[in-house]
Amino acid sequence: MTERSASRAVDVVIGRRPEPVHTVGVYAYEGMAPFELGVVVEVFGLARPELAGLLASPWYGLKVCADEPGRPLNALGGFALTARHGLDELAAADTVIVVGVANTFSGEVPAGLVAALRTAHERGARIVSICSGAFALAATGLLDGREATTHWRYAELLRQRYPAVRVNPDVLYVDHGDLLTSAGSAAGIDLCLHLVRRDHGAKVANTVARRFVVPPHRDGGQAQFIEAAVAPVAEEEDGIAASMRWALEHLGSPLTLSLLARAARMSDRSYLRHFTARNGTSPMRWVVTQRIAASLPLLESLDGTVEEIAAAVGFESAATYRHHFGRTMRTSPTAYRRSFGTGVAQ
């Protein structure tokens, strides 16, 4: 008997009902690209021994679902996979994730998938899309009048096909609480970690990100399309990386563009250009995002007031901290603390 099943058996013996597991249903289909599905499996489907002692509620239960469970689905790359669960299980999940749709430019969204998404939403489930999965959410009508995003390559097509949807091609993800959409591929990692952060807090999300070997938090409003992914000169690229490491070590101190450029041994103008090309955001916006991320564990632990936390992570005032926190997290520090804190907020 596993440790988890033994624990649940003890709950039954002493009369406690075991806490229900939050189920995640992900939709698989013929001709799919495996990366986005792999992201969902990696985040929600793996055993997480590294989270022992950190979780206040059980980890997720993952179900891979398809229109015809048990029928092999050919994936890009020359292999096939078989989903054990059908659309009924997808509609019954607590979080439903659509990682893409077949034939984005010419295909129709399957009626069974549309019905399952509507049923799940009516039940109160959280509906999520990655990349072209936004077309499936749009087909339900649930995104009408709301902002949504998708891979920049598909943004104009999504806007034309579903004019009632307010398409924003310039962000990594959009969170409406019940409906969440993200851009392509790597942005799916950001959104999945965002879901973990919402459900289990920043410390758990950071631990999962560390195992993933990715940054723990990228602002959902960060640009998804970077003009030049690699700086032209390796020495300058190393300087930028050094400046970022230096900034993370000095988040509580005043940081300016000139100080960061000096740490990179570059001029202000050259540093701004190469940093933005490499990271898809400006240096000071990146600093703000890192300061917000550093403040999350402090809010959760309830160590200090909001004013003290703002000062500890380098904001000039609590008002400035609240402003940037609201833009980044779409809630206030106090509301975040109320949701994720481990004691009585100060």
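Guide: Start with a definition: a residue is buried under 20% relative accessible area, exposed over 50%, and partly exposed in between, with a 1.4 Å probe and protein chains only. The model is predicted, so local features need pLDDT of at least 70 and side-chain atom pairs pLDDT 80 or more, while totals for chains, interfaces and linings use all residues. Residues are numbered from 1 along each chain as its sequence is written, and side-chain values use heavy atoms, with hydrogens and water left out.

Visitor: What makes both faces of strand 6 count as covered?

Guide: On one side, Arg126, Val128 and Ile130 are buried, and on the other, Ile127 and Ser129 are buried too. Five of the five residues of strand 6 are buried. In a regular strand, side chains alternate between the two faces of the sheet. A strand here is a DSSP run of E with at least two residues; a helix is a run of H or I with at least four, and both are numbered from the N terminus.

Visitor: Why are strand 2 and strand 9 said to stand at the edges?

Guide: The open sheet has six strands in the order 2-1-5-6-10-9, with mixed pairing. Strand 2 (61-65) and strand 9 (173-175) each have a single partner strand, so one side of each lacks a neighbour in the sheet. Strand 9 pairs with strand 10 (residues 179-182) in the antiparallel sense over three bridges, and Tyr173 stands opposite Ser182 in strand 10.

Visitor: Why is Glu50 called partly exposed?

Guide: Its relative accessibility is 28%, which lies between the 20% and 50% limits, so the term applies. Glu50 sits in the loop between helix 2 and strand 2.

Visitor: What makes the pairing of the Glu50 and Arg211 side chains a polar contact?

Guide: A polar contact is a pair of N or O atoms within 3.5 Å; within protein, one must be able to donate a hydrogen and the other to accept it, and residues adjacent in sequence count only if both atoms are side-chain atoms. The Glu50 and Arg211 side chains make theirs at 3.0 Å, and the side chain of Glu50 makes another with that of Arg48, also listed at 3.0 Å.

Notes. Pairing = 2+ DSSP bridges.
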